[in-house]
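Please keep the structure in view while reading.

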Amino acid sequence: MSHVAAVSAPGKLVVLGDHAVVYGHPALVTAVGQRLRAEVTLLDDPVLELDAPDVGVTGYRKPLAQLGEGDIPKGAKSVELALRRFIAAHPIKGGMRVRTSSEFSASFGFGSSGASAVCVLGAAMQAAEGAIDRRRVFDLAYQSVKDAGSSGSGIDLAASAYGGLLYFVTGGKAIEPLTAAPPFLIGYTGVKVDTGTIVAEVKARADAYPAVIDGISRQITSLVEMAKAAAMKGDLRVFGDAMNFNQGLLESLGVGSTKLSQLIFAAREAGALGAKLSGAGKGDCMIALVTPERRAAVASAITAAGGTVIDIPCNAEGLRVES
Ligand code: PMV
């Protein structure tokens, strides 16, 4: 065992089932090809030394016994809480030096803090044990985001750990890699949203109208199952229809926006087989299903409608060891 490890993990975009997945329903998620990297070196002293310059953290040092306590800088929180979970489950003799760096902007809603928890856990496991167990990484990361007070489903963590296209049920009750790789195109609205705030707004609506939200969530579940089956058969038309239906239901949950609709309609009118918002809604990104023949036309239409095409691969590889 080398006691030093470098790993990387991708960001994510939810493909279907956004919001309903918070309430125990399934969803599909794709890993996106912009990555976060973490290097872990085991130390003799029982301290955490952290450098995460992309999120404004340099020269951060804390005794391992105090992880999670006191004032934690925002940029250090997900790493610190993840390592606290790791050490509680797998006691180590000394400490750890951690360095993270990111290829992707925190503004797109690709799940950068989830990816950093997954990445650091993967690197710690590789350095301390010489191998990575994705399921254990997911479970520890999910516990650590709950420690941080998140009410999220954990879907971002599963995508970063496993990669590809995944069928996922809340809290990792199911994490099923699908072999399909549908051709997605991503458009960014330019509007940054806070996922926690929008999840709380939908929760308030669910409390006020439980039967309505339950009915919508059940319909979303049937679309996720329909899209999963279509993906396995390579039936892009049905997959795209499921995305379009899902967009209507997300609108009815109250998480649409004018800007998202402009990009979604532009994509459909230029020949996308399906288009919908991705994630919390009200901003961040939309995702379209586009055959290679229509890709350039749909990309131009999204740009003409005021969006920014983020031209990166989807269904990307999950957590992996780097040299
Ligand atoms: O806003 P994003 O891209 O981080 O996605 C959030 C997805 C939700 O379903 C709205 C919340 C969740 O935790 O699953």
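A salt bridge is counted where a side-chain nitrogen of Lys or Arg lies within 4 Å of a carboxyl oxygen of Asp or Glu. The model shown here is a predicted one, and by this rule two salt bridges are found across the interface of domain 1 and domain 2.

## The two domains

The domain assignment divides the protein chain into domain 1, which covers 4-180 + 316-322, and domain 2, which covers 184-310. When the centres are taken over C-alpha atoms, domain 1 and domain 2 are separated by 26 Å.

## Where the domains meet

The size of an interface is often given as the accessible area that is lost when the parts come together. Between domain 1 and domain 2 about 2500 Å² is buried, and 70% of this area is on carbon and sulfur atoms. On the side of domain 1, the residues that lose the most area to domain 2 are Leu16, His19 and Tyr23, which together account for 25% of what that side buries.

In terms of residues, 28 from domain 1 are in contact with 36 from domain 2. The count of residue pairs in polar contact between the two domains, with both residues at pLDDT 80 or more, is 10. Elsewhere in the list of charged pairs, aspartate 18 forms a salt bridge with lysine 276, and their closest N and O atoms are 2.8 Å apart.

## Around the ligand

There are 13 residues around the ligand, and those that come nearest are Lys12, His19, Ser153, Thr195 and Ala280. Sorted by class, this shell holds five nonpolar, six polar and two charged residues, and at least three of its residues come from each of domain 1 and domain 2.

Which atoms lie close to the oxygen atoms of the ligand? A polar side-chain atom of serine 153 is 2.6 Å from one oxygen atom of the ligand, while a polar backbone atom of histidine 19 is 2.9 Å from an oxygen atom. For alanine 280, a backbone N or O atom lies 3.0 Å from an oxygen atom of the ligand. Taken alone, the ligand exposes 380 Å², of which the protein buries 91%.

Note on methods: Residues numbered from 1 in each chain as written. Heavy atoms only, no water. Near = heavy atom within 4 Å. Polar contact = N/O pair within 3.5 Å; in protein donor to acceptor, adjacent residues only side chain to side chain. Areas by Shrake-Rupley, 256 points an atom, 1.4 Å probe, with all protein chains shown as cover. Nonpolar A, V, L, I, M, F, W, Y, C, P; charged D, E, K, R; others polar. Domains from an automatic or database assignment. Contact = heavy atoms within 4.5 Å. Buried area = accessible area lost by both parts, 1.4 Å probe.
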